Amino acid sequence: MTVQIDHALEEIRRFRPSPEFAANAVADAALYEAAQADRVAFWADQSRDLLHWDKPFTKTLDWTNPPFAKWFEDGELNVAVNCLDRHVEAGNGDRVALHWVGEPGDTRDITYAELTDEVKRAANVLTDLGVGSGDRVAIYLPMIPEAVVSMLAVARIGAIHSVVFGGFSADSLASRIDDAEASLVITADGGYRKGKVFALKPVVDDALTKSVGGSVRNVLVVKRGDNEVEWNAERDLWWHETVATASSEHEAQAFEAEHPLFILYTSGTTGKPKGILHTSGGYLTQAAFTHRNVFDLHPETDVYWCTADVGWITGHSYVVYGPLANGATQVLYEGTPDTPHPGRWWEIVEQYKVSILYTAPTAIRSFMKLGRQIPHAFNLRSLRLLGSVGEPINPEAWIWYRHVIGGGSIPVVDTWWQTETGAIMISALPGVTDLKPGSAQVAVPGISIDILADDGTPVEGEDGGLLVITEPWPSMLRGIWGDPERFKETYWEKFGDKYFAGDGARRDADGDIWLLGRVDDVMNVSGHRLSTAEIESSLVAHPWTAEAAVVGAADETTGQAVVAFVILKASQAAQVTDVAAASEELRRHVAGQIGAIARPRQVFIVNELPKTRSGKIMRRLLRDLAEGREVGDTTTLADTSIMQVISDQVK
Ligand code: WT7
């Protein structure tokens with residue numbers, strides 16, 4: 001990571017938008033002027049332009065009770081109608097909404113009219129199952145059209161979805177179901193990944209035996225993997241026997257702008273994931289605005305593809321809500337980039353003439369490693385805009401993306417945001433902003449960003465500081481599900497009425513913002529957020545473990561990688577003769593408890609951990625070890641010789 005940041009600091013390349021691109025660009029400099037003149041009025045105008053309100057709002061923002069914001073409070077809308085019915089009513093029912101590609105090679109093209117019908121049918125089934133406004137529905141599905149249909153059907157009836165990424169374990173699913181008290185789980189028998197079927201329904205069955213809340217009444221199951229599943233006739237229903245046969249007549253009701261839309265769990269600095277709560281009108285406004293302007297979307301002609309899974313916020317805002325609110329045509333792909341061959345993504349770009357591609361630096365870096373001949377075996381000339389998200393993109397990867405994938409002249413936008421922000425907050429606007437590789441650049445129009453020192457004073461010059469958002473924004477989180485205190489403590493205690501993002505940042509002489517990584521105990525592995533505390537408590541839950549410390553170590557491909565240091569219980573240590581097998585068992589244990597994404601790259605079995613006199617583990621020193629660097633200042637350690645002992649053991 002340090003190496004990349006050093007490069008970034010030296011980065012001086014600039015790319016001016018081409019006159020042809022600028023001439024047809026959706027965004028223009030006037031957006032900044034309008035937002036500057038009156039930020040709140042700017043968002044009101046955007047919302048009226050981009051969305052259909054059944055009852056127009058008259059109040060734009062209520063910030064009298066910070067940090068609890070209300071946007072467009074007295075307005076009413078239906079989120080699903082905004083993403084579906086209104087496009088059909090406007091005569092665009094025949095436009096393809098989803099070009100779906102299954103990993104084994106099966107495909108489905110679904111128009112806006114078809115998607116609308118399917119969502120109406122699913123909405124009727126949910127209502128029949130007793131799901132009503134405000135009820136929670138857990139969604140645990142592969143990347144199949146039914147995932148999109150489920151989310152929109154839940155939104156249509158005013159219920160609240162909690163999508164759980166299909167890679168999470170039964171334990172993780174159970175704790176999310178319990179925290180939200182979900183009454184329904186929507187899942188599939190299985191899905192395809194790396195050429196094989198991975199089972200989902202059995203994980204749900206397992207989660208429901210682990211669930212302590214007993215809130216789930218039904219499980220709705222899509223047939224996808226054709227793998228064998230157990231069936232509980234009182235509880236389980238097949239999608240193809242219920243949704244497929246339900247009526248496609250469904251009158252949607254309008255809900256208040258602040259009606260909850262979804263909960264999405266994300267890792268924080270403690271062991272317990274937080275349920276980030278988003279609401280309707282403000283969220284959809286900013287998702288649609290940024291999707292249109294940051295990706296220069298021309299809905300009649302573009303084919304857009306965001307490679308994120310709907311289990312993450314990127315999938316919520318830039319696969320489901322933003323693109324569909326804007327009437328976009330998009331690709332939805334079920335599988336991994338390298339199945340059945342390493343050029344699979346580029347084959348899809350060629351086949352569907354994808355014009356806008358949005359993906360993560362970790363993917364770009366793994367393609368870089370494989371070499372340009374793989375993408376260059378395909379025709380990528382349809383691409384006209386590239387986006388990046390999830391972690392800082394190093395200038396080398398940015399340049400490779402622009403040249404090798406983009407042919408050398410198309411814009412690359414690096415977008416900074418979070419699960420909590422709901423939509424993009426920092427990005428260039430293509431056609432307007434001069435591009436600078438490695439920097440996320442500038443606040444989106446209508447967003448106010450600052451960089452502060454620890455004591456809250458603004459950071460002058462190019463020194464690094466803490467990234468804050470100084471004014472409320474439409475798609476901001478409205479809280480942490482069931483825990484208003486944690487919401488205040490985590491984001492608002494540090495700087496009063498300013499939102500503390502948890503990222504370090506600096507601003508260069510041009511005013512461009514450079515993200516410097518997390519300043520808390522949150523790791524970023526392949527653009528996914530993981531908590532050191534959560535993995536440590538999983539390791540400690542293993543019967544062999546006495547103590548554990550986890551760090552995020554720089555990794556060439558995944559940005560960071562999970563590296564764990566574990567002390568075994570004395571009773572165990574004597575019996576463990578094969579250290580490699582023991583660390584493999586612990587890696588497997590974490591993957592089983594949390595999910596494969598949390599599996600440590602390495603688990604080192606050690607006799608000691610570096611601690612201060614007050615007993616605090618000095619992770620900084622462990623990170624030095626994990627990254628193969630000389631160990632830094634050890635003077636505050638209770639026992640300064642300990643690092644030598646650990647370092648000998650790690651070797
Ligand atoms: C954290 C949020 C937003 C969707 C994906 C991740 C890091 C995200 C960038 C970027 C540098 C970035 C930050 C942030 N991050 N995008 N363009 N440049 N860092 O969402 O799981 O909520 O993680 O990802 O550290 O705080 P998330």
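Predicted model: local features only at pLDDT ≥ 70, side-chain atom pairs only at ≥ 80, totals over all residues.
Local features are reported at pLDDT of at least 70 and side-chain atom pairs only at pLDDT 80 or more, while totals for chains, interfaces and linings use all residues. Residues are numbered from 1 along each chain as its sequence is written.

Helices (H or I, at least four residues) and strands (E, at least two) are DSSP runs, numbered from the N terminus. Two strands count as paired if DSSP finds at least two bridges between them. Strand E22 (residues 465-469) runs antiparallel to strand E24 (residues 499-507), and four bridges join them. Val468 stands opposite Phe500 in E24.

Helix H8 covers residues 145-156. The expected span of a helix is 1.5 Å times one less than its number of residues. For the 12 residues of H8 this gives 16 Å, which agrees with the 16 Å between its end C-alpha atoms. A residue is buried if 20 or more other C-beta atoms lie within 10 Å of its own, exposed if 12 or fewer, and partly exposed in between; C-beta atoms are placed from the backbone. By this count H8 is mostly covered, with 12 of its 12 residues buried. Among them are Glu146 and Arg156. Just after H8, Gly158 takes a positive phi of about 75 degrees.

An unreviewed UniProt entry lists Val540 and His542 under "binding site". UniProt positions follow the numbering used here, feature names are shortened, and annotations may be inferred rather than shown by experiment. Val540 is in helix H18 (residues 532-540). With 14 other C-beta atoms within 10 Å, Val540 is partly exposed. Contacts require C-beta atoms, placed from the backbone, within 7 Å. Not counting residues up to four places away in sequence, Val540 touches Thr545 and Ala548. His542 lies in the loop between H18 and strand E28 (545-555). His542 counts as partly exposed, because it has 18 C-beta neighbours inside 10 Å. With residues up to four places away in sequence not counted, His542 touches Leu586 and His589.

Key
Contact = placed C-beta atoms within 7 Å.
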